[in-house]
Amino acid sequence: MSLIIDVHGHYTTAPKALEEWRNKQIAGIKDPAAMPKVSELKISDDELRETIETNQLAKMKERGSDITLFSPRASFMAHHIGDFQVSSTWAAICNELCYRVSQLFPDNFVPVAMLPQSPGVDPATSIPELVKCVEQYGNVGINLNPDPSGGHWTSPPLSDKVWYPIYEKMVEYDIPAMIHVSTSCNACFHTTGAHYLNADTTAFMQCLTSDLFKDFPTLKFLIPHGGGAVPYHWGRFRGLAQELKKPLLTEHLLNNIYFDTCVYHQPGIDLLTQVIPVKNILFASEMIGAVRGIDPETGHYFDDTKRYIESTLNLNADERHQVYEGNARRVFSRLDAKLKSQGR
Ligand SMILES: [Zn+2]
């Protein structure tokens, strides 16, 4: 029996007090007298417990997953709001909540950090929060936003040296980054329907056109939402790599880039598992997240992605084990160490 490890979950069900505090913080950007103190946010362990037990944990039990890598709500990161100080305070609050959830449910939740990114600010400023989350909170990965502007793409590509201090720290700790944008404030891009998938595809192409992984041979990126358009257009990407005189994608990118299974229908998972090597696919559902309804064609939740993994004809039992557990332990080595310390 495999442990079923879901590498992509966010605290989308945090107590209302969090959102209320955030709204006050946003109001405080224009009116500093209204800026709330961190100490004004009070959320008890019982409140945290309740929001998890009645939501994520209930669904994990129903659907049969064991562990969720748990990060702050992605759309709430909203790095475009305010300055670095605003982001920094907000990230610290959100990361602490995920850490507390992981302490309350040590068998089921393992924290992954958001970073206090801010448009136009040196990404290296995020390092102290990253260090705290890894060293004090036991975070096993980070979410890295390639576009803190929220849909205007004002940052240099992920291959730019401005990002290197973050990568150096990731390599030092051996933690992967999920490449994850936040709310779109560009009316052209719906947040979860366009901006997220655009970013997944964009991040992959930024890596393809660069030699980033020559500089960082052990750097690991997890591209969520099934890799955006990447698996579907694998031939296009292979052909472009060839024209650009890059090595085969298996050598150029697939020692460093991984994809999750947040694809919400069977044909999508069939394609993903047919095109992308099994060693590069990690189980995930992003539950409770972007798509919360029931698929009328199947009668099951769209984001109950385990059903698709179980049903696909492209995976044998050993390959399923890799997708559910083996790959997650390899990519998130700190998760593996943590599980081993728990005797799992
Ligand atoms: Zn997500």
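Let's start with a pair of helices: the axes of helix 2 (residues 45–63) and helix 4 (residues 84–104) come within 10 Å and cross at roughly 80 degrees. Axes here are lines fitted to C-alpha atoms, for helices over the stretch in contact, and angles run from 0 to 180 degrees between N-to-C directions. Helix 2 is therefore roughly perpendicular to helix 4, a term for angles of 65 to 115 degrees.

On the helix 2 side, D45, L48, R49 and I52 make the contact, and on the helix 4 side R100, V101 and L104 do; contact means C-beta atoms, placed from the backbone, within 7 Å.

## About the model

This is a predicted model, in which local features need pLDDT of at least 70 and side-chain atom pairs count only at pLDDT 80 or more, while totals for chains, interfaces and linings use all residues. Residues are numbered from 1 along each chain as its sequence is written.

Six strands, in the order 4-5-6-7-8-9, form an open sheet with parallel pairing. Strand 4 (113–114) and strand 9 (281–282) each have a single partner strand, so one side of each is left without a neighbour in the sheet. Strands are DSSP runs of E with at least two residues, and helices are runs of H or I with at least four, numbered from the N terminus. Two strands pair if DSSP finds at least two bridges between them.

Strand 6 (residues 177–179) pairs with strand 7 (residues 221–223) in the parallel sense over two bridges. A177 has F221 of strand 7 as its bridge partner.

## A glycine in a loop

G293 sits in the loop between strand 9 and strand 10 (294–295). The C-alpha atoms of G293 and D303, ten residues apart along the chain, are separated by 8.1 Å.

Terms used. Parallel < 35°, antiparallel > 145°, perpendicular 65-115°, else oblique. Contact = placed C-beta atoms within 7 Å.
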